[in-house]
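Hi,

Here is the structure for you to look over. My notes follow below.

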Amino acid sequence: MAGYCTAVDTAGIATRQLPPAQIKAFAASRSTRAKTDRIDAELIARFMAFRPDAGRVLPHEKFRLIRALASKRGQLVETRKRLLAQIKAHGKLGSAEMFDAMDAELKGLLDHQIAELEMRVQQTIASDDDLAATAGILRSVPGIGPVASTMLIAEMPELGQLSGEQAAALAGLAPIAHDSGAMRGKRAIGGGRRQLRHVMFQAALVASHHNPILKTFADRLRAAGKPHKVVITAVARKLVTIANALCKSRLKWANQAA
């Protein structure tokens, strides 16, 4: 797959990534149950004729590389979290000494591999002037650290080319309406790029306490009685829209009003 994508890039062929669920829903709307390569190809062609703006442009190879490295790092971080939870459980059960050496060796290996992946990500970004400049802009925002800036670059290569609403929607942080007639349902977030949304929640926790603009914003929501999750979601949405605006203007953070 990687070789095919590289060949497509080299040939200058315009491509788009389509969510499989949308093609499946389109097939259901046409009552198409049979599935063969030829039928699938026809469905995709008809869908693109109906929705030429659907999906996303296939990211350039450098973005795919950063995304792959960031994804593997995330997997290893989750593995390390589970290991640390197991170590804590061993301590409570009184069996920690039995596994001390094994757990220490495994944790050391995970620490080394995570650090190596982080170094490769930073080297890849630093090797490209545009990406390095974008990373510098993102890192200038209080609350956006190395992990969040990397995920924004990897998962949202469109950053700086979108409206604030589009950026929030792509991150899965835009409230979705559930209304019908006079009934007004509860707004909720969903969809978008799940891994990015998870990282932006973590960044929002930091920003809500250490970013002077977003701390004031979060405090105002808390004073209004908003639940913690609602506050953090709103801060995460603000972070994404701020990051998008700064990347669009190519300016660094300067305590501007959010």
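The expected span of a helix is 1.5 Å times one less than its number of residues. Helices here are DSSP runs (H or I, at least four residues), numbered from the N terminus. This is a predicted model, where local features need pLDDT of at least 70, side-chain atom pairs count only at pLDDT 80 or more, and totals for chains, interfaces and linings use all residues. Residues are numbered from 1 along each chain as its sequence is written, and side-chain values use heavy atoms, with hydrogens and water left out.

Helix H4 (residues 61–93) has 33 residues and should span 48 Å. Its end C-alpha atoms are 48 Å apart, which agrees. Buried residues (under 20% relative accessible area, 1.4 Å probe, protein chains only) of H4 include Phe63, Arg64, Arg73 and His90. Just after H4, Gly94 has a positive phi of about 80°.

Next, a helix pair. The axes (lines fitted to C-alpha atoms over the stretch in contact) of H6 (residues 129–139) and H11 (residues 228–249) come within 10 Å and cross at roughly 135°. Angles run from 0 to 180 degrees between N-to-C directions. Thr134, Ile137 and Leu138 of H6 make the contact (heavy atoms within 4.5 Å) with Ala243, Leu246 and Cys247 of H11.

Last, Asn211. It sits in the loop between H9 (194–210) and H10 (212–223). Asn211 is buried, at a relative accessible area of 0%. Leaving aside neighbours within four places in sequence, Asn211 contacts Val141, Pro142, Val206 and Trp253.

Best wishes

Key. Helices (H or I, at least four residues) and strands (E, at least two) are DSSP runs, numbered from the N terminus. Buried means under 20% relative accessible area, exposed over 50%, partly exposed in between (1.4 Å probe, protein chains only).
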